[in-house]
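Please walk through this structure with me.

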Amino acid sequence: MESAAAPPATVKPSLSKKPSPSFRLRNGSLNALRLRRVFDLFDRNGDGEITLDEMAAALDALGLGADRSGLEAAVGGYIPAGAAGLRFDDFESLHRSLGDALFGPIPEAVPEEEDDEGDMKEAFRVFDEDGDGYISAAELQAVLKKLGLPEARNLATVKEMICNVDKDLDGRVDFGEFKNMMQGITVWGA
């Protein structure tokens, strides 16, 4: 007599028990710079505030489809009375409270050099979509497109961006080239 196979167990997604370095950098000054860049990307009209519409559009562009009522419930408490949206300080408070709620407080300091190297590798992996250790023009274009940046429209422009960083002239960016480029970036107003 054959017995019927038990139905497969359903697997519910859960948050990782380990803090995600892509959500929050351990180095406070790098985190502030990264948050400023994200804030500026979300603030599409450059007025210094991220409205719920701007946030929803940015999340949609990243493939994270935002439910307007859920977004308003989660973010509304951080928008000051009379303001149209989140100012940078409000955005930073929201990010900090989400990080603490999801991952707990930031652990004790890691030596800054190790910390910076780990953060740099994590940033590199965002662009190296196929995990081969190189950023190709197609991978860079895909990330720029997800961010809604106009440079993504033209592959020739993206290839030029790669050429500006590609010191060994192999047509792609390795981690060393990426690291040199990132160390040479100056962020104004952060």
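pLDDT is the predictor's confidence in each residue, from 0 to 100. The chain has a mean pLDDT of 74, and 70% of its residues reach 70 or more. Residues 2-27 fall below 50, and this stretch has 37 contacts in the model beyond near neighbours in sequence. A contact means heavy atoms within 4.5 Å. Residues 186-190 also stay under 50, with 5 contacts beyond four places in sequence. Where pLDDT is low, the predicted coordinates should not be read in detail.

This is a predicted model, in which local features need pLDDT of at least 70 and side-chain atom pairs count only at pLDDT 80 or more, while totals for chains, interfaces and linings use all residues. Residues are numbered from 1 along each chain as its sequence is written, and side-chain values use heavy atoms, with hydrogens and water left out.

Now turn to the nonpolar cores. A nonpolar core is a set of buried Ala, Val, Leu, Ile, Met, Phe, Trp, Tyr and Cys residues joined through side-chain atoms within 4.5 Å. Buried means under 20% relative accessible area, exposed means over 50%, and partly exposed lies in between (1.4 Å probe, protein chains only). The largest core has 17 residues, and Ile-50, Met-55, Leu-71, Val-75, Leu-86 and Phe-91 touch the most other members. Elements giving two or more residues to this core are α1, α2, α3 and α4. Helix α2 gives the most, with 5 residues. Helices (H or I, at least four residues) and strands (E, at least two) are DSSP runs, numbered from the N terminus. Beyond four places in sequence, Ile-50 touches residues including Phe-39, Phe-42, Met-55, Leu-86 and Phe-91. A second, separate core of 13 residues includes Met-120, Phe-124, Leu-144 and Val-158.

Charged pairs come next. A salt bridge is a side-chain nitrogen of Lys or Arg within 4 Å of a carboxyl oxygen of Asp or Glu. The structure holds 6 of these salt bridges. One joins Glu-49 and Arg-87, at 3.4 Å from N to O. Glu-49 sits in the loop between α1 (28-42) and α2 (52-61), and Arg-87 in the loop between α3 (68-75) and α4 (88-103), so the pair ties together parts 38 residues apart in sequence. Glu-49 is buried, at 13% relative accessible area. Arg-87 is partly exposed, at 38%.

Another salt bridge links Asp-53 and Arg-68, with the closest N and O atoms 2.3 Å apart. Asp-53 lies in helix α2 and Arg-68 in helix α3, so this pair ties together parts 15 residues apart in sequence. Asp-53 is exposed, at 52%, and Arg-68 is partly exposed, at 38%.

Glu-122 and Arg-125 also meet in a salt bridge, at 3.1 Å from N to O. They are 3 residues apart in helix α5 (residues 112-127), separated by about one helical turn. Glu-122 is buried, at 18%.

The Asp-128 side chain reaches the backbone nitrogen of Gly-133 at 2.8 Å.

Most residues other than glycine have a negative phi. Leu-169 has a positive phi, near 60°. At 72% relative accessibility, Leu-169 counts as exposed.

How values were computed
Polar contact = N/O pair within 3.5 Å; in protein donor to acceptor, adjacent residues only side chain to side chain.
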